[in-house]
Amino acid sequence: MPPIAPPPGADTNATAHSFLGVFRFSGRALELVWSTSRRLTVALGLLTIAAGLLPAGVAWVGALIVDAVVAASRAVSAGEPLVLTPVYGLIALEAGLVMAVAGAQRGISLCQSLLRAQLGQRVNVMILEKALTLQLAHFEDSEFYDKLTRARREASSRPLSLVNRTFGLVQNGISLVSYGVLLAQFSPWAVLVLVLAGLPSFLAETRFSGDAFSLFRWRSPDTRMQMYLETVIAREDHAKEVKLYGLGPLLLDRYRGIFGKLYSADRDLAIRRDGWGFVLGLVGTVTLYVAYGWIAMTTIVGRITLGQMTMYLMLFRQGQAAVSASLSAIGGMYEDNLYLSTLYEYLETPVPANRGIAETGPDPSDGIRFENVSFTYPGADTPALQGIDLHIRPGESLALVGQNGSGKTTLIKLLTRLYSPDTGRILLDGRDLQEWDEATLLQRIGVIFQDFARYQMRVGENVGAGDVAHFENRERWQEAADMGMATPFIETLPAGFDTQLGKWFREGRELSGGQWQKIALARAFMRSRADILVLDEPTAAMDAAAEATIFEHFRKLTHNRIAILISHRFSTVRMADQIIVIQDGRIIERGNHEQLIAADGHYAHLFSLQAQGYR
Ligand SMILES: Nc1ncnc2c1ncn2[C@@H]1O[C@H](COP(=O)(O)OP(=O)(O)OP(=O)(O)O)[C@@H](O)[C@H]1O
């Protein structure tokens, strides 16, 4: 039998197994619904109470009708005149009540649809707002990412579903109490029998729902892998490789494999759940018919009327239906709880508060300083950077050279405060980076990473993204595009700056790698107020002529700015005032091009290798 119990490490709260676990998040879900729309929540509450009480009323009036009919027919047999008014009156009353039940149920479903839309939007916005406050490290943490995707996937349905089920349970509870009150007049034992007959199924359902709850949690990485495989197989940005390498069947096999594994656990649980459900359900049926006999016998001996007999039978039957409706609500509530626990874990992820407030530094002519900076990625064994000392003054340019994985991009991530150093400090204008106000700091830095974003938006917006204050400013788009050498090809696009990019939307145009890079460069140039410009391999996909011109622009532009450049092309690197060579996270050489060539070390070796290639 596949393990239902979670493996070590899976967080199965003990309460999840207890009956109360079902209600763990009901209060919070209710709070969420309440704050989304008070009017709709109140309406839903009132309608639920009405829908809970009215069925007992219908049963009661039903009994009165039968008794009135019996009385009237006896009167007619006894030769008395026929009086139909009381019977018709009662029939009309029952019809009214039945209509009211239907009205309440419709009203509930209306409130639910309206709430579903509002609540879905609200939860999605909460999730996205939180995402904006997260740090890069969160997105790189697989477990956290899992929480985020799960929270997003079911945001529009789960919170309301939990509320609906909670209300449904309340409604059935009210009905059960009202049936109980009426049934108690027949015999308090009958009430006890009704409750006891439902109890085994109730306990079994709670138990199995608890198992399902654990199962969901335990399998979450598998489900995530399945989702990922779906993305790889069915999305345009992977389609090229999947086709050319013939990866499709292999990936699909994996997808099937995961399903097989999950399915066997599901099947086992479903068989046990339904098997026990059937057996315990039989207990209910047998009880019903024993009660039937008991009620019939009591009618025959004349202790209750025919009308009461119909009512008690109906109460018993409806009572059992209410018990089974409650059972399925509870089953679903476990799943909803799982979702909400993920949602709240995600929403409550601690985020370090904006650490600094400084908007200026004591010495603006000092530029950037790294003092003995070391950094290890969360979960990594070896440091990505160690003992980095570095000084770049305003107006200077710095080039970072090193093998793949040597730590160049990491250095930029620390400078842009996407991560914080483990030891040492980074100073800007003589002030620790941690003390700077985040918005001020970010305004001063323009950066393009190797894996820059390709927004499926218009060309102009792709450029404008570099400066949100001028996102829609066409003049600025134009200037930035000129500097990024993007203007000539943008002019050839069907709608110029208004051309839609990417393939997700209608009439979207795909660009070449170099064209995208020019757009990204233009985006960095949008940040005209930024006095630190960082280009992480900005021209790797560009042709040599474009690269040369861009650097001419770049040098002119960076006159009073700090320019940091990561590149594997020595033709550009050599132009920098200062070059540092990084190896395994440490600086092994530094100086300008001439000094490094004269030193005849690592740099000189790499330079001559590349120069040979051009001879
Ligand atoms: N998000 C991350 N989490 C954990 N380790 C990382 C992460 N990003 C990079 N690393 C590791 O840190 C080291 C330095 O990576 P970095 O991206 O800084 O290299 P790089 O010098 O920019 O390389 P390239 O020239 O290939 O761009 C590498 O060993 C890499 O595997």
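**View 1. Exposure of Arg 235 in the predicted model.** In this predicted model, Arg 235 is exposed, because 12 other C-beta atoms lie within 10 Å, and a residue counts as exposed if that number is 12 or fewer. Arg 235 is found in the loop between helix H9 (220-234) and helix H10 (236-244). The C-alpha atoms of Arg 235 and Arg 74 are separated by 77 Å, the two residues being 161 residues apart along the chain.

**View 2. Packing of helix H4 against helix H7.** Helix H4 (residues 85-133) packs with helix H7 (residues 158-186) at an angle of about 140°, and their axes are 8 Å apart. The two helices, H4 and H7, are therefore oblique to each other. On the H4 side the contact is made by Gln 112, Leu 115, Arg 116, Leu 119 and Val 123, while H7 contributes Pro 159, Leu 160 and Asn 164. By class, this contact of H4 with H7 has five nonpolar, two polar and one charged residues.

**View 3. Residues around the ligand.** The shell around the ligand holds 13 residues, of which Tyr 377, Asn 404, Lys 408, Thr 409 and Thr 410 come nearest. Sorted by class, the shell has three nonpolar, eight polar and two charged residues. Helix H13 (residues 408-415) gives the most to this shell, with three residues.

View 4. Four strands form an open sheet in the order E2-E1-E4-E5, with antiparallel pairing. Strand E2 (385-392) and strand E5 (431-432) are the edge strands, each of which pairs on one side only. Strand E1 (residues 368-375) and strand E4 (residues 423-428) run antiparallel and are joined by five bridges; Phe 370 has Ile 426 as its bridge partner in E4. Helix H13 lies across E1, E2 and E4 and runs at about 115° to E1.

View 5. Strand E3 (residues 397-402) is mostly covered, with six of its six residues buried. In a regular strand the side chains alternate between the two faces of the sheet. Both faces of E3 are covered, with Ser 397, Ala 399 and Val 401 buried on one side and Leu 398, Leu 400 and Gly 402 buried on the other. E3 pairs in the parallel sense with strand E8 (residues 562-566) over four bridges, and the bridge partner of Leu 398 in E8 is Ile 564. Strand E9 (residues 578-583) also runs parallel to E3, joined to E3 by five bridges, and here Gly 402 stands opposite Ile 582 in E9.

Definitions and conventions: Residues numbered from 1 in each chain as written. Predicted model: local features only at pLDDT ≥ 70, side-chain atom pairs only at ≥ 80, totals over all residues. Buried ≥ 20, exposed ≤ 12 C-beta atoms within 10 Å, placed from the backbone. Near = placed C-beta within 6 Å. Nonpolar A, V, L, I, M, F, W, Y, C, P; charged D, E, K, R; others polar. Pairing = 2+ DSSP bridges. Contact = placed C-beta atoms within 7 Å. Axes fitted to C-alpha atoms, helices over the stretch in contact; angles between N-to-C directions. Parallel < 35°, antiparallel > 145°, perpendicular 65-115°, else oblique.
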